[in-house]
Amino acid sequence: MTQWYQLQQLDSKFLEQVHQLYDDSFPMEIRQYLAQWLENQDWEHAASNVSFATLLFHDLLSQLDDQFSRFLIENNFLLQHNIRKSKRNLQDNFQEDPIHMAMIIYNCLKEERKILNSAQASNEMEVGSVQNTVIGMLDKQKELDAKVKAIKSSVTDVEQDIKTLEDMQDEYDFKCKTLQNREHESSNMSQEEYKKEQLSLQQMFLSLDLKRKEVVNKIVQLLHSAEHTQTALINDELVEWKHRQQTACIGGPPNACLDQLQNWFTTVAESLQQVRQQLKKLEELEQKFTYDPDPITKNKQFLQDLTHTLFKQLIQSSFVVERQPCMPTHPQRPLVLKTGVQFTVKLRLLVKLQELNYNLKVKVLFDKDVTEKNSVKGFRKFNILGTNTKVMNMEESTNGSLAAEFRHLQLKEQKNAGSRTNEGPLIVTEELHSLSFETQLCQPGLVIDLETTSLPIVVISNVSQLPSGWASILWFNMLSTDPKNLSFFLNPPCAKWSKLSEVLSWQFSSVTKRGLNADQLSMLGEKLLGPTNGGSQDGLIPWTRFCKENINDKNFPFWLWIEGILELIKKHLLCLWNDGCIMGFISKERERALLKDQSPGTFLLRFSESSREGAITFTWVEGSQNELQFHSVEPYTKKELSAVTFPDIIRNYKVMAAENIPENPLRFLYPNIPKDNAFGKYYSRPKEAPEPMDLDGPKGNGYIKTELISVSEVHPSRLQSPENLLPMSPEEFDEVSRMVDPADIDTVMCTHIQL
């Protein structure tokens, strides 16, 4: 098991530490694609040897080329683009300094090991959590490996025993016939010799009978061992994998590869197939020679039935949805499908037998045997468009698995006659549907029907329904493990804050490099549970509170507010969020408590609580301890951030009072990071002295260049220092004299000077 696989099984608090290890210089996707290869190289040596580092650098580029070729075969354009970009970045960053790359990878692998050790130590301290540790998983895998190998070894032993049995039976048969022939020639055999031969035959028969019983007993033990092992595979390992798949679908840790499960399933299936052949061989031996009581005759039907039952159960369970339905346009939002938009889904048979290649034709059906179609009022019905059959084969998958991928399916709603009613108990985004997949395995003397279903899907007709549809997918997969429970939202259960907070953090960590920390989650908990219960991990949140009711005094629900912020981060604030510059979720009370002890000009960034589409603002502190003032700027939405990047807004932000020189009040990002140190690398261009205007240059168009900056107009008393105020010019004095009564001119002038 790779170190990378072990990391993916850890709790989210440790996965957050893993996310912090990787950035654009060495992205996490390379770590994911090349996990085994990276862990097999000696990066410590490469970090001190330029020749070896250069060799590994070029090997790494070759590995990326191989991975690109696999994506090319899969026709996965997005992954092709990402891996080409990653390769270019590596060449730009490390072509001239491969030792630097080796040091980065070595340090990442070393830090990963520290995280694993920390997780193990943490789990050992928690009562009842030992079975969840990485060591426990490894022990469990070793135990299963041993059991599967034992089955394979037992089959080999039985095979050898049957050959021995066949030899013994042939010898016994030969001697019986020889003795019978000699009986007809009694003159050539004495009575004593005859008895001696008879006794020898009797001993051979007893040995033969004993060997038959031994073979039958070994097969019985073998099948019982296979039954026990495959029960563990089906009821434990496969169920755990499916649960991890659910978690991965809603942004949780990436699901583990199916290759290990496939190896186990395939080995057991091959063993059962061999047992079927061995039983046929025993039947042939029985037809040649039988007696009463013959252990083969007595047990063959039981053994044949048990072998058939086990093989059928294993094959049927091995038919899984490897990749759940997903629109390529929204790869991070699986299970939400829009009518008229193509989606993909991938099936896999974990029993990889060569004789099944191109022999299983899979058909996809929509809402097969779904009772809700008739029992739930207003439940919509859909047709599947596109090629709805596909033959499973080993050539299309990069790992050679037996799979079938549907890439061009679409859904179209069936229009009912008359006007459609919206009086049903479920809104569109709460209506759950499913895709079913059927195929049939046909072998001599064996026909097995296979069927599997996707996780519940939500079908939308407008992209504006996507956020609400995704909320339904989150809620279902967080609280239910029954994919056939399509009536889930007729009475949706409440969610514990301990679970919902983890899922909310996944929404951020799955699309960025940073999830939500304890302070951010605490603020969100207060919004959902109230200030008194916000810290309670056992607090219960109803579905309506999460997604349907307006939150507090706002005119939008909690989830749509979170969704708006996620979109804002992805499109305009990704780098700042990944760097930890954005505190984000913090109450105004907590904000002031943090800033009150900081230097004037210290500011922090938080998300607006009053904007449905997502907005960000900054708050700064100024004044002395005796007279602190806190100021927050009007939040910036995607409209403003599309025109000017947020780092540039922070760099150029000004406050202005009357006709005085505008000043930037922002000096330190909380707690004490100089503004330019925090944001300088993201400024659109370095801050330079203004160049003389050159309107006659070759590129001149007669216009003076302009730059958008944010300016807040405030009362002069809110400027940080009165020294910034300018004396009044003669022209200004003339203007004031014209507007103010002569009797009040002295008062105005004194006020100006004092300010």
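Modeller: One definition first: a polar contact is a pair of N or O atoms within 3.5 Å. And keep in mind that this is a predicted model.

Colleague: Okay, which residue caps the N-terminal end of α12?

Modeller: Look for a side-chain oxygen that reaches a backbone nitrogen at that end of the helix. There's one 2.9 Å from the backbone nitrogen of I296, and the cut-off for a polar contact is 3.5 Å. The residue that supplies this oxygen, and so caps α12, is D294.

Colleague: How far apart are the end C-alpha atoms of α12?

Modeller: Helix α12 covers residues 295-317, which is 23 residues. At 1.5 Å a residue, the helix should span 33 Å. The model agrees with that, because the end C-alpha atoms are apart by 32 Å.

Colleague: Where is the kink in α12 centred?

Modeller: The helix does bend, by about 30 degrees.

Colleague: Which strands does α12 lie across?

Modeller: Start with its buried residues, among them L303, L306, L310 and L314. Residues three or four places apart in an α-helix point the same way, because there are 3.6 residues a turn. The buried residues of α12 pack against helices α10 and α11 and against several strands, including β1 and β3. As for lying across strands, the helix runs at about 30 degrees to β10, and the pair that α12 lies across is β9 and β10.

Colleague: Which are the edge strands of the open sheet of four strands?

Modeller: The order is β6-β4-β9-β10, with antiparallel pairing. An edge strand pairs on one side only, and that picks out β6 and β10.

Colleague: Which residue in β9 stands opposite F366?

Modeller: Strand β4 takes in residues 361-366 and runs antiparallel to β9, with four bridges joining the two. Opposite F366, the residue in β9 is L435.

Colleague: Which residue does a cis peptide bond join to D292?

Modeller: Most peptide bonds are trans. This one has an omega of about 5 degrees.

Methods:
Residues are numbered from 1 along each chain as its sequence is written. This is a predicted model: local features need pLDDT of at least 70, side-chain atom pairs count only at pLDDT 80 or more; totals for chains, interfaces and linings use all residues. Side-chain values use heavy atoms; hydrogens and water are left out. The expected span of a helix is 1.5 Å times one less than its number of residues. The bend at a residue is the angle between axes fitted to the seven residues ending there and the seven starting there. Buried means under 20% relative accessible area, exposed over 50%, partly exposed in between (1.4 Å probe, protein chains only). Contact means heavy atoms within 4.5 Å. A polar contact is a pair of N or O atoms within 3.5 Å; within protein, one must be able to donate a hydrogen and the other to accept it, and residues adjacent in sequence count only if both atoms are side-chain atoms. Two strands pair if DSSP finds at least two bridges between them. Axes are lines fitted to C-alpha atoms, for helices over the stretch in contact, and angles run from 0 to 180 degrees between N-to-C directions.
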